[in-house]
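This briefing goes through one protein model by topic. Please look at the sequence and the 3D view before reading the points below.

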Amino acid sequence: MPWTEPAGDDTWRVRYRRADGTKGAISGFADATAAEDHISTMLHEQRAGTWIDPEDGRTTVAEFAPAWLDSLDIDQRTEENYRSFLKVHILPRWGTAGFGELTNLGIRTWEKKLRASGLAKTTVDSIIKCFSLLLSDAVPEKLVAANPLVARRRGRRRRTQRTPRKIWGEPAEVLHVADQVALKYGACGAVLVITGGWTGARWGELTGLDRSNVHLYDDDTGSIYLDPDIGALHEPCSGPLYLGHLKTDESERTISLPPFLVRLLRWHLTTHNHQQVFVTPNLEWHRRSNFSRRAFRPAADGNLHIANPAIRLQPVKPGLTFHGLRHSHKTWMIDDGIPEIAQALRLGHVLQDKVQETYSHVAAAVEQRLLEGLQARWDKAVADSKTCTEDARWRVYA
């Protein structure tokens, strides 16, 4: 129970006992009545569970941040991003501030300055999200009564650059890109590109794919299974690559394969003995940036701007990325009239309509129609291709 006592110089203070037995004090009251009024407010907040010990409220952001980071159970790449946001942006501005000093207006003013500094909108949004998460986690630690950051209710309308549409490729374009990857990088890269285009699997899902999860049968049917715990290859900002969990729970799935891809993968697995299906020509795990720079970008964009390259590559689909193959696969399924539930299950997407997600099932006939459409797209792309025989040697195994 708090109590009042004179503090000297005609002022009063409120004393209270902490849970650890030590005594705290709140000074600066002009008379005993003011001190008693504060005790009434203090008791009300304690009953409501919102009272914060002033001493705890003086805990600085820099003092809390290390313990907060250690408590996070998140992906390694996300944790590295949070550490960077804290080191470069949050702590230089707010590290010495106590939690009791933080206000919504102060943080929003700082956010405005970040935007004016030239940082990308997504970067600023990520910084603010990180800071808000830290503040929310400080609430149950009794360092602040509530997260001071609140949603914006108003603000001037910003004319921002519209996010460009994701570039996708027709089957013939994806095949041509794969042919040029084969020339520049090797047939292993071409098979990776084709598998990305004709399954819609993510980069990390394919580069982390284990041999034991590829099932290929003599009748040219088959599938790949994406393991939820070690089915994705992760690329941290620092440190070695590692196999870990998939992006979401829905990402665990079995993707059926059209006949040509069963044959192509069967041959591909005979070309190396690595445990992962897709590796570099040196039998090492892939890094996305390396594959993009050495193989995918030259194959998609061409290298006409380079003087006397070892291999001259023509532009096929400038701007297409490996993730764009996933968009291509989605577009092909839409064009073939595949039901949304079948698309979502194949791509590992979450349906917004939970009723549809719960009660919709993919009939065998729909799955067969999907595979027939993918096979037909491959056959037509090959038939229409004008690529020279040297570019396309790897195709004969399909």
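Asp229 sits in the loop that joins strand S5 (222–226) to strand S6 (232–234). Helices (H or I, at least four residues) and strands (E, at least two) are DSSP runs, numbered from the N terminus. The model is predicted, and local features need pLDDT of at least 70, side-chain atom pairs count only at pLDDT 80 or more, while totals for chains, interfaces and linings use all residues. Residues are numbered from 1 along each chain as its sequence is written, and side-chain values use heavy atoms, with hydrogens and water left out.

**Charge on the surface**

- Asp229 is exposed, with a relative accessible area of 55%. Buried means under 20% relative accessible area, exposed means over 50%, and partly exposed lies in between (1.4 Å probe, protein chains only).
- Asp229, Asp249, Glu250 and Glu252 form a negative surface patch. Patches are made of residues with over 30% relative accessible area and no salt bridge, where like charges are joined within 9 Å and nonpolar side chains (Val, Leu, Ile, Met, Phe, Trp, Tyr) within 5 Å.
- Lys and Arg count as positive and Asp and Glu as negative, while His and the chain ends are not counted. The place of a charge is taken as NZ of Lys, CZ of Arg, CG of Asp or CD of Glu.
- Accessible areas come from the Shrake-Rupley method with a 1.4 Å probe, and for residues only the protein chains shown count as cover.

**Salt bridges**

- The count comes to 16 salt bridges, a salt bridge being a side-chain nitrogen of Lys or Arg within 4 Å of a carboxyl oxygen of Asp or Glu.
- One of them joins the side chains of Asp125 and Arg115, at 2.9 Å from N to O. This pair links distant parts of the chain, with Asp125 in helix H6 (residues 121–138) and Arg115 in helix H5 (residues 104–116), ten residues apart.
- Asp125 is partly exposed at 29% relative accessibility, and Arg115 is partly exposed at 23%.
- Asp125 and Arg115 also belong to a network of salt bridges that links Arg108, Glu111, Arg115, Lys121 and Asp125.
- Another salt bridge joins Arg263 and Asp220, with 2.9 Å from N to O. Arg263 is in helix H10 (residues 259–268) and Asp220 is in the loop between strand S4 (214–216) and S5, 43 residues apart, so this pair links distant parts of the chain too. Arg263 is partly exposed, with a relative accessible area of 27%.
- The side chains of Arg297 and Asp301 meet in a salt bridge of 2.7 Å, N to O. Both residues lie in helix H11 (residues 288–301), four residues apart, which is about one turn of the helix.
- Arg297 is partly exposed at 22% relative accessible area, and Asp301 is partly exposed at 29%.

**Cysteines**

- How many disulfides are there? The count comes to zero, where a disulfide is a pair of cysteine sulfur atoms within 2.5 Å.
- Cys130 is buried, with a relative accessible area of 0%.
- Cys188 counts as buried at 18% relative accessibility.

**Helix H13**

- Why is helix H13 (residues 340–347) described as largely enclosed by the rest of the structure? The reason is that six of its eight residues are buried.
- The buried residues of H13 are Ile341, Ala342, Gln343, Ala344, Arg346 and Leu347.
- Gly348 follows H13 and has a positive phi, near 75°.
- Val350 lies in the loop between H13 and helix H14 (354–359), and is partly exposed with a relative accessible area of 37%. The C-alpha atoms of Val350 and Thr248 are separated by 8.9 Å, although the two residues are 102 residues apart along the chain.

- Most residues other than glycine have a negative phi.
- Asp220 is not a glycine, yet its phi is positive, near 65°.
- Asn308 is not a glycine either and has a positive phi of about 55°. Asn308 is found in the loop between H11 and helix H12 (322–335), and is exposed, with a relative accessible area of 74%.

**Helix H1**

- His38 is in helix H1 (residues 32–48) and is partly exposed, with a relative accessible area of 27%.
- The C-alpha atoms of His38 and Arg13, 25 residues apart along the chain, are separated by 9.7 Å.
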